[in-house]
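I wrote down what I looked up and what I found each time.

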Amino acid sequence: MLSTMPDFPLTITSLLRLAEGQFSDREVVTYIGDGYRRQPYAELARDAARLAHALRGLGIDGDQRVATFMWNSAEHLAAYLAVPSMGAVLHTLNIRLFPEQLVYIANHAEDQVVIVDASLVPLLRPLLDDMKTVKHVIVVGEAELDGAYDYRELLDQAPDTFDWPELDERAAAAMCYTSGTTGNPKGVVYSHRSAYLHSMSVCTANAMGLSSADRVLPIVPMFHANAWGLPYASFMAGASLVMPGRFLQAEHLTRVIAEEKVTVSGAVPTIWGDILRYARQHEDVDLSSLRLVPCGGSAVPESLMRALQEEYGVRVVHAWGMTETSPLATIAHGDSWELRVTQGRLLAGVEGRIVGDGDRVLPNDDVAVGELEVRGPWVTGAYYLDEDPLKFNDGWLRTGDVGRLSAHGFVTLTDRAKDVIKSGGEWISSVELENALMGHPAVVEAAVIGVSDERWGERPLACVVIEGTADAAELREFLADRVPRWQLPERWSFIEAVPKTSVGKFAKRELRDMHARGELQIITL
Ligand code: ADP
């Protein structure tokens, strides 16, 4: 028999209604470097309506793609609400990608309108001729760009209510491109339903437990996997949003956290590392309002989590996800550090399994190591107009991450498949070595890559950034207490900084290329 319940559509429009209705008194605060701009959600919702009218006027009347090229701000949030709710598709462009990749992505998605922050116009301007489908550009703030519209002028002419259409929850709402396994970036298209369910999950206590008492600071860019779902989840919970704009340095972030009494803030480990170093150098830093810091994007060193907790009372909670998984898939709550250093427990809704050679499913015994595969209502089942058959396995997403799964659903990742080091037939976890090294007081950053070795096939090369003094022998000695002896690197390279990807992760491929070109000076012990 069928249920008596309706298929009530789960849409971003309903989040917009919450913002304009019951949470209309919550606020979005945008930091502008020397102060703040404030808007209650009621006004943000009116701006969303005005933006929808403006976009309609520019020919957006269906599921066309509207791109953003923006920092985290109230205007970006208005686009997050307006574009999907009017039935169009929001495409968040990663401002830090290479020009060729940006052009490829905008053409592939067939973006028609780009909304750009004035400070980013110099980056976008040279690409526009090659973005073949872009018809209109809207500039937020003051900048010279031929033929572009001024955001405020457009909105000021528009009515502040909009007749939001009834939407199919399965319709595309937003899209984001990610690296995939090979070739060009791959598009992931989120539906209204997937965004809604992901937000509900983020709001549960097993995840971030957001409520209307929270003030959420998404430091993670809104083009990096939907700012980890923080904006939509905040609208659902009625949490206020504090947006850092383009001020992503520790000096600004610590100020915003203290002045705006931020309770929840998400960013990659590199940013929290910067914040920790800054706080240690400046006595007046106050991080006491933070109740929860979800952190991921790459493995979070235990030393970083412990330092923030013990010195500043900040609870960093390790989480794992991908653009393909909306992104939140696991989060590591637990009483013991043993659990907290794992990537976390699979959220209800996301299923996982570990797969070994020949696609054999391995036991969830926290011992067997293989590739993690996941599936669920907010895990993509394909890429947009692109094949990557290697990524999908009978309804499961092959994550490209290698690790193990416990009977209680905790995932521990030891590496990315492309980063694993195989030495004498045994796997060495580069992540474990890096985390152990970053526990040394003089080590600012450490990245370990596999290099070929006549005897063992491959051996680890430790590339470290040092502040103060420590030589390779000392670091090796430090590691000796923490990892098995046969894993200790004999090759060391002291570098100025680990190269980073567009979202602030260690770019190990670049390190491997540098090594291949002979650019790394190596000390052998
Ligand atoms: P990209 O592939 O361009 O880095 P994503 O941002 O989607 O794009 O990255 C997802 C990947 O980031 C995961 O597959 C995983 O390798 C890595 N990652 C994310 N969170 C963690 C974490 N907590 N620990 C280790 N790796 C992580």
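**Entry 1: Q112**

I began with Q112, which I found in strand 5, the run of residues 111–117. The model is a predicted one, so I keep that in mind in every entry that follows. Is Q112 buried or exposed? Buried means under 20% relative accessible area, and Q112 counts as buried because its relative accessibility is 18%. I then looked up what Q112 touches, leaving aside its neighbours within four places in sequence, and listed I60, Q64, R65, T133, V134, K135 and H136.

**Entry 2: S191**

Next I went to S191, which belongs to strand 9, residues 186–191. With a relative accessible area of 15%, S191 is buried too. Once I had set aside the neighbours within four places in sequence, I noted that S191 is in contact with E169, R170, A171, A172 and A173.

**Entry 3: helix 1**

For helix 1, which runs over residues 12–20, I asked which residues are buried. I noted I12, T13, L15, L16, L18 and A19. I also looked up what covers these buried residues, and the cover includes helix 2 (41–57), helix 3 (74–85), strand 8 (172–178), helix 7 (192–203) and helix 8 (230–237).

A227 is not a glycine, and yet I found for A227 a positive phi of about 50 degrees. W228 is placed in the loop between strand 10 and helix 8 as well, and although W228 is not a glycine either, its phi is positive, at about 60 degrees. I then checked burial for both: A227 is buried, with a relative accessible area of 0%, and W228 counts as buried at 10% relative accessibility.

**Entry 4: helix 11**

In helix 11, residues 302–312, I found that the buried residues are L304, M305, A307 and L308. Why are they on the same side of helix 11? They lie on the same side because they cover an arc of only 165 degrees around the axis. Among the elements that cover the buried residues of helix 11, I wrote down helix 10 (269–281), strand 14 (316–321) and helix 12 (337–340). I also looked at what comes just after helix 11, and there G313 takes a positive phi of about 65 degrees.

I followed the chain into the loop between strand 14 and strand 15 (328–331), where P327 is found. The peptide bond that leads from S326 to P327 is cis, and I noted its omega as near 10 degrees.

**Entry 5: V379**

V379 lies in the loop between strand 19 (370–375) and strand 20 (392–393). At 11% relative accessibility, V379 counts as buried. Which residues does V379 touch, not counting those up to four places away in sequence? I listed E324, T325, V350, V374 and L397. I looked at T325 again, and although V379 and T325 are 54 residues apart along the chain, their C-alpha atoms are separated by 4.3 Å.

**Entry 6: the ligand**

I then looked up single atom pairs between the protein and the ligand. On the backbone, an N or O atom of G297 lies 3.0 Å from a nitrogen atom of the ligand. In the side chain of Q343, an N or O atom is 2.9 Å from a nitrogen atom of the ligand. For K505, I noted a polar side-chain atom 2.7 Å from an oxygen atom of the ligand. As for area, the ligand on its own has 570 Å² of accessible area, and the protein covers 88% of it.

Note on methods:
Residues are numbered from 1 along each chain as its sequence is written. This is a predicted model: local features need pLDDT of at least 70, side-chain atom pairs count only at pLDDT 80 or more; totals for chains, interfaces and linings use all residues. Side-chain values use heavy atoms; hydrogens and water are left out. Buried means under 20% relative accessible area, exposed over 50%, partly exposed in between (1.4 Å probe, protein chains only). Helices (H or I, at least four residues) and strands (E, at least two) are DSSP runs, numbered from the N terminus. The arc is that of the directions from the helix axis to the C-beta atoms. Contact means heavy atoms within 4.5 Å. A polar contact is a pair of N or O atoms within 3.5 Å; within protein, one must be able to donate a hydrogen and the other to accept it, and residues adjacent in sequence count only if both atoms are side-chain atoms. Accessible areas come from the Shrake-Rupley method with a 1.4 Å probe; for residues, only the protein chains shown count as cover.
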